Amino acid sequence: MGLFGVMRTGVSGMNAQSSKLGTVADNIANSSTTGYKRAMTEFSSMVLSQGSGTYNSGGVEANTKYAISDQGSMSYTTSTLDLAVSGNGFFIVSSGTDAASKQALTRAGSFVPDGEGYLVNTAGYYLQGYPIADGAEPSLVANGLGGLEPINISQNKLEATPTSRALLYTNVSEDATVVAAANAPATDYASAATVEYSHKTSLIVYDNLGNEVKLDVYYTKLTDGPPTSDWEVAVFDSADSTNGGFPYANPPLNSDVLTFDTTTGDLDGASPTTLNITVPNGSTFDIDLADSTFLNADFEVTNVDTDGNAPSSVEGVEFTEDGTLYAVYENGDRLAIYKIPLADVASPDNLDPMSGNIYRTTVDSGEVRVGFPGEAGMGELEVGALESSNVDLASELTSMIESQRTYTANSQVFKAGSDLLQELVNLTR
């Protein structure tokens with residue numbers, strides 16, 4: 001190869017250092033880009049076959065790698081739509097909202113709603129999630145990106161949710177007077193003169209139109225153990241009464257007999273623990289009574305909870321750390337509308353970077369797998385945070401100086417070869 005080989009080696013070195021300067025320039029330019037992963041140039045030698053005489057110089061080959069798996073530092077914000085992943089995984093985004101849009105992975109989680117209510121990040125990619133219908137857990141597609149749709153937080157219409165569950169735990173008084181079954185509310189509901197009961201409380205639930213429905217709940221001691229004590233629980237629609245009590249125009253919505261163990265004060269193992277109720281123009285649901293007690297204390301409601309809400313408009317939305325997106329209504333109620341998954345691959349550093357801070361899978365990266373945050377090896381979701389670039393400016397500036405000096409040295413090799421070749425040409429003159 002001789003002098004021409006020396007010049008080609010010098011050019012090879014300058015090309016390699018030029019490639020490294022390119023990665024340094026990109027890294028410095030994107031040092032403040034949310035979720036950006038730094039690029040690196042690594043070199044491998046190119047050695048030509050050698051004979052027994054003069055040495056044949058080879059060159060150097062530049063290979064670009066990406067530190068995609070390196071975690072960036074967290075930057076905390078005040079927006080509940082800013083998301084970051086701590087650990088493994090990527091957000092799933094799409095280039096548009098139609099079925100033909102291409103999906104990709106990203107760590108850039110600065111999402112804001114666009115004019116149509118879709119969540120998009122700075123690069124204009126749409127966050128993907130599973131819709132939640134009627135509070136049911138969405139079905140996860142573990143080995144692909146099917147079943148996802150762009151998340152839209154536009155909830156302009158009023159929402160009224162009928163009650164679908166209730167919980168009512170009480171303590172009924174151990175020293176209450178026994179009432180004859182014939183005078184208990186479930187039997188003697190139409191009489192105000194002879195009906196008897198031990199305790200009363202009320203619940204507010206909602207029908208399909210968001211109307212409040214007041215339920216009157218009566219507890220009546222029927223037997224006085226031991227080993228057990230029987231109590232009738234009867235639930236009436238308060239609208240069937242003209243004076244807020246007996247008489248009622250209609251029978252109870254439901255009634256049953258609870259049996260308490262007089263030794264422990266808890267419900268006996270054979271006792272019912274729920275009472276099924278159908279609300280007029282509403283849903284059918286169970287009232288959970290499981291932790292009610294029978295103790296020597298005054299009647300007390302120890303725990304009560306119902307769902308459902310009156311007509312209310314959406315005031316805002318917020319994510320939780322399990323990836324669930326809730327619509328928050330003016331009355332304080334929250335409704336789960338989407339759940340976002342995370343996607344990961346076996347070798348994240350071999351993903352193919354694209355414009356817009358997104359990545360697509362390659363043969364070397366492996367196939368995508370999907371899971372919810374904090375599950376199946378996926379990272380934790382940080383709400384109100386952004387992952388900063390993993391670029392270290394000090395290291396990049398040092399690499400830039402090294403690359404400049406090495407480029408200059410290689411140019412000197414090229415110049416030396418050129419000068420020697422000029423001397424050789426001059427010998428013929």
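Is aspartate 419 buried, partly exposed or exposed? Aspartate 419 is partly exposed, at a relative accessible area of 37%, where buried means under 20%, exposed over 50% and partly exposed in between (1.4 Å probe, protein chains only).

The model is a predicted one, in which local features need pLDDT of at least 70 and side-chain atom pairs count only at pLDDT 80 or more, whereas totals for chains, interfaces and linings use all residues. Residues are numbered from 1 along each chain as its sequence is written, and side-chain values use heavy atoms, with hydrogens and water left out.

1. Salt bridges overall. Ten salt bridges are found when the whole structure is searched, the criterion being a side-chain nitrogen of Lys or Arg within 4 Å of a carboxyl oxygen of Asp or Glu. Lys37, Arg107 and Glu387 are tied together in a network of such contacts.

2. The pair within helix H2. Aspartate 419 makes a salt bridge to lysine 415, with 3.2 Å between the closest N and O atoms. Because the two are four residues apart in helix H2, aspartate 419 and lysine 415 are separated by about one helical turn; helices here are DSSP runs (H or I, at least four residues), strands are likewise DSSP runs (E, at least two), and both are numbered from the N terminus. Lysine 415 is also partly exposed, with a relative accessible area of 45%.

3. Glutamate 402 and lysine 20 meet through their side chains in a salt bridge of 3.9 Å, N to O. Glutamate 402 is partly exposed at 43% relative accessibility, while lysine 20 counts as buried at 16%.

4. The pair at strand S24. A salt bridge of 2.8 Å, N to O, joins the side chains of lysine 339 and glutamate 137. Here too distant parts of the chain are linked, with lysine 339 in strand S24 and glutamate 137 in the loop between strand S9 (126-131) and strand S10 (149-150), 202 residues apart. Lysine 339 is buried, with a relative accessible area of 5%, whereas glutamate 137 counts as exposed at 56%.

5. Strand S23 and its two partners. Strand S23 (residues 324-329) is mostly covered, five of its six residues being buried. On one side of the pairing scheme, strand S22 (residues 314-319) runs antiparallel to S23 and is joined to it by five bridges, with valine 317 opposite alanine 327; strands are said to pair if DSSP finds at least two bridges between them. Strand S24 (residues 334-339) also pairs with S23 in the antiparallel sense over five bridges, and within it alanine 336 is the bridge partner of tyrosine 326.

6. The two hairpins. The hairpin of S22 and S23 has four residues between the strands, and glycine 323 takes a positive phi near 90° there. The hairpin of S23 and S24 likewise has four residues between its strands, with glycine 332 in the turn at a positive phi of about 95°.

7. A charged surface patch. Glu174, Asp175, Asp298 and Glu300 gather in a patch of negative charge on the surface, a patch being made of residues with over 30% relative accessible area and no salt bridge, with like charges joined within 9 Å and nonpolar side chains (Val, Leu, Ile, Met, Phe, Trp, Tyr) within 5 Å. Of these residues, aspartate 175 lies in the loop between strand S12 (166-173) and strand S13 (199-206), and aspartate 175 is exposed, with a relative accessible area of 55%.

How values were computed:
Areas by Shrake-Rupley, 256 points an atom, 1.4 Å probe, with all protein chains shown as cover. Lys, Arg positive; Asp, Glu negative; His and termini not counted. Charge placed at Lys NZ, Arg CZ, Asp CG, Glu CD.
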